[in-house]
Amino acid sequence: MPEYGRLSVMVQARCRAEKLFDVAPAAFRPRPNVDSAVVRLTVMPEAAGRIRDFNRFTELVRAAFSARRKKISNGLKPWFDAGQLEELNISPSARPADLSVADYINLSNS
């Protein structure tokens with residue numbers, strides 16, 4: 001799903017995102033070729049303790065989505081081999097968008 005990517009994972013790991021309303025392309029000059037929305041981000045205080053090393057988490061998510069059409073095992077080779085992914089209940093053949101935010105947090109913390 002194209003709307004779930006690196007930015008989505010990074011935001012959802014620390015915030016609750018709530019779509020407030022759409023903004024029509026006509027509201028902008030020059031008019032963009034995309035639809036827009038206003039989103040409220042509410043920082044979740046409890047989220048700070050879930051990720052042990054935020055720099056590692058950031059690098060891991062970046063690496064995973066740098067090859068978003070390939071298997072997760074390709075993007076995460078510097079950190080995990082296929083057997084280690086399976087031990088963490090992650091299918092090595094999954095695509096980066098197939099993993100949940102919790103999956104990325106668990107990978108980062110392991």
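Arginine 52 touches Asn109 and Ser110 when residues up to four places away in sequence are not counted, a contact being defined as heavy atoms within 4.5 Å. The model is a predicted one, in which local features need pLDDT of at least 70 and side-chain atom pairs count only at pLDDT 80 or more, while totals for chains, interfaces and linings use all residues. Residues are numbered from 1 along each chain as its sequence is written, and side-chain values use heavy atoms, with hydrogens and water left out. Arginine 52 is found in the loop between strand S2 (36-43) and helix H2, where helices (H or I, at least four residues) and strands (E, at least two) are DSSP runs numbered from the N terminus. Arginine 52 counts as exposed, at 66% relative accessibility; by this scale buried means under 20% relative accessible area, exposed over 50%, and partly exposed in between (1.4 Å probe, protein chains only). A polar atom of the arginine 52 side chain lies 2.4 Å from the backbone oxygen of asparagine 109, and between arginine 52 and serine 110, which are 58 residues apart in sequence, the C-alpha to C-alpha distance is 9.4 Å.

Serine 108, by contrast, lies in helix H5 and is buried, with a relative accessible area of 4%. With its neighbours within four places in sequence left aside, serine 108 is in contact with Ile51, Asp53, Arg56, Phe57 and Leu60. A polar atom of its side chain lies 3.4 Å from the backbone nitrogen of phenylalanine 57. The buried residues of H5 are Val101, Tyr104, Ile105, Leu107, Ser108 and Asn109, and these buried residues pack against H1, H2, helix H3 (72-75) and helix H4 (82-87).

Two packed helices are described by the angle between their axes and the distance between the axes. Here the axes are lines fitted to C-alpha atoms, for helices over the stretch in contact, and angles run from 0 to 180 degrees between N-to-C directions. H2 and H5 pack at an angle of about 120 degrees, with their axes 9 Å apart, and are therefore oblique to each other; angles under 35 degrees count as roughly parallel, over 145 as roughly antiparallel, 65 to 115 as roughly perpendicular, and the rest as oblique. On the H2 side the contact is made by Arg56, Phe57, Leu60, Val61, Ala64 and Phe65, and on the H5 side by Tyr104, Ile105, Leu107 and Ser108. By class, this contact of H2 with H5 has eight nonpolar, one polar and one charged residues, where Ala, Val, Leu, Ile, Met, Phe, Trp, Tyr, Cys and Pro count as nonpolar, Asp, Glu, Lys and Arg as charged, and the others, Gly among them, as polar.

Helix H1 (residues 6-14) packs with H5 (residues 101-109) at an angle of about 80 degrees, their axes being 9 Å apart, which makes H1 roughly perpendicular to H5. In this pairing, Val9, Gln12 and Ala13 of H1 meet Val101, Tyr104 and Ile105 of H5, a contact of five nonpolar, one polar and no charged residues. With H2 (residues 54-66), H1 packs at about 155 degrees, again with axes 9 Å apart, and the two helices are therefore roughly antiparallel to each other. Arg6, Val9, Met10, Ala13 and Arg14 in H1 meet Phe54, Phe57, Thr58, Val61, Arg62 and Phe65 in H2, and the residues of this contact divide into seven nonpolar, one polar and three charged.

Terms used: A polar contact is a pair of N or O atoms within 3.5 Å; within protein, one must be able to donate a hydrogen and the other to accept it, and residues adjacent in sequence count only if both atoms are side-chain atoms.
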